[in-house]
Amino acid sequence: IVSCEPVEEETKVFPEITSLDNTLWYSYDSKAQVFYDIKYNADNQGVMLGYSEQERINEIVNRPFNYTFTPATEDINAIVRVDFEDGQHYGGLLIPKGHFQINLQDVYIIQLYETDAEGEVIYNVDGSMKSTLQMWME
């Protein structure tokens, strides 16, 4: 009879994000094949830059936005609200690092849903969400 001791996995502990100030996030739109850099500045303003290639040479999207960030509590994840200057609004959650991986790296995720000006999620007639944005940061 062979016996093995259970392998104890190391529990990873990641710092909690308490501010989005001066952070850089990434996203990719596989349908339009656009690579995004999303910059959150310290003045609650940011910009979403889109490029036609992963090397980020040819800029094809430049969307300034204002944002608000509410840090997580014991009961809820952090909340992110993004209001683009062109009038489009998004709201959603910051998911702590350790729940998702991209390219085998643990990442923080911001999952946003298109909303109306009051913050209510907008749905299509078939019940699906009109638009979503997902971004990550290592």
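Predicted model: local features only at pLDDT ≥ 70, side-chain atom pairs only at ≥ 80, totals over all residues.
What share of the 138 residues in the protein is buried? I looked that up first: buried residues make up 35%.

**Overall layout**

I went through the secondary structure next and got zero helices and eight strands. Read along the sequence, the pattern is β-β-β-β-β-β-β-β. I then boxed the C-alpha atoms along the principal axes, which gave roughly 65 × 40 × 40 Å. For the accessible surface I have about 9,300 Å², with 48% of that belonging to carbon and sulfur atoms. I also checked contacts with a separation of 6 or more: 33% of them come from residues 24 or more positions apart.

**β1 and β2**

β1 covers residues 23–29 and runs antiparallel to β2, with seven bridges joining the two. I picked Tyr-26 and followed its bridge across to β2, where the partner is Asp-37. The hairpin of these strands has four residues between them, and Gln-33 there takes a positive phi near 55 degrees.

Lys-31 is in the loop between β1 and β2. Is Lys-31 buried or exposed? Its relative accessible area is 83%, and exposed means over 50%, so Lys-31 counts as exposed. I also took a distance from Lys-31 to Pro-71: these two are 40 residues apart along the chain, and their C-alpha atoms are separated by 32 Å.

**The core**

Which residues have the most contacts inside the largest nonpolar core? I noted Leu-20, Trp-25, Tyr-40, Val-80, Val-82, Leu-94 and Ile-110, in a core of 24 residues. The elements giving two or more residues to this core are β2 (34–40), β4 (59–70), β5 (78–84), β6 (89–102), β7 (105–115) and β8 (132–137). As background, nonpolar side chains in soluble globular proteins tend to be buried together.

**β5 and its partners**

Five of its seven residues are buried, so I have it down as mostly covered. On one side of my pairing list, β5 is joined to β4 by six bridges, and the two run antiparallel. Asn-66 stands opposite Asp-83 of β5. Another entry joins β5 to β6, again antiparallel and with six bridges. Here I followed Val-80, one of the core residues with the most contacts, and found that its bridge partner in β6 is Gly-92. The β5 and β6 hairpin has four residues between the strands, and Gly-87 takes a positive phi near 100 degrees in it.

Then I looked at Ile-79, which is also in β5.

Last stop was Glu-138, in the segment after β8. With a relative accessible area of 57%, Glu-138 is exposed. I listed what Glu-138 contacts, leaving aside neighbours within four places in sequence: Lys-97, Gln-105, Asp-106, Val-107 and Tyr-108. So Glu-138 is exposed by the over 50% cut-off and still has those contacts. I also took the C-alpha separation between Glu-138 and Glu-120, 18 residues apart along the chain, and got 29 Å.

Definitions and conventions:
Residues numbered from 1 in each chain as written. Heavy atoms only, no water. Core = buried A, V, L, I, M, F, W, Y, C linked by side-chain atoms within 4.5 Å. Buried < 20%, exposed > 50% of the residue type's maximum accessible area, 1.4 Å probe, protein only. Pairing = 2+ DSSP bridges. Contact = heavy atoms within 4.5 Å. Areas by Shrake-Rupley, 256 points an atom, 1.4 Å probe, with all protein chains shown as cover.
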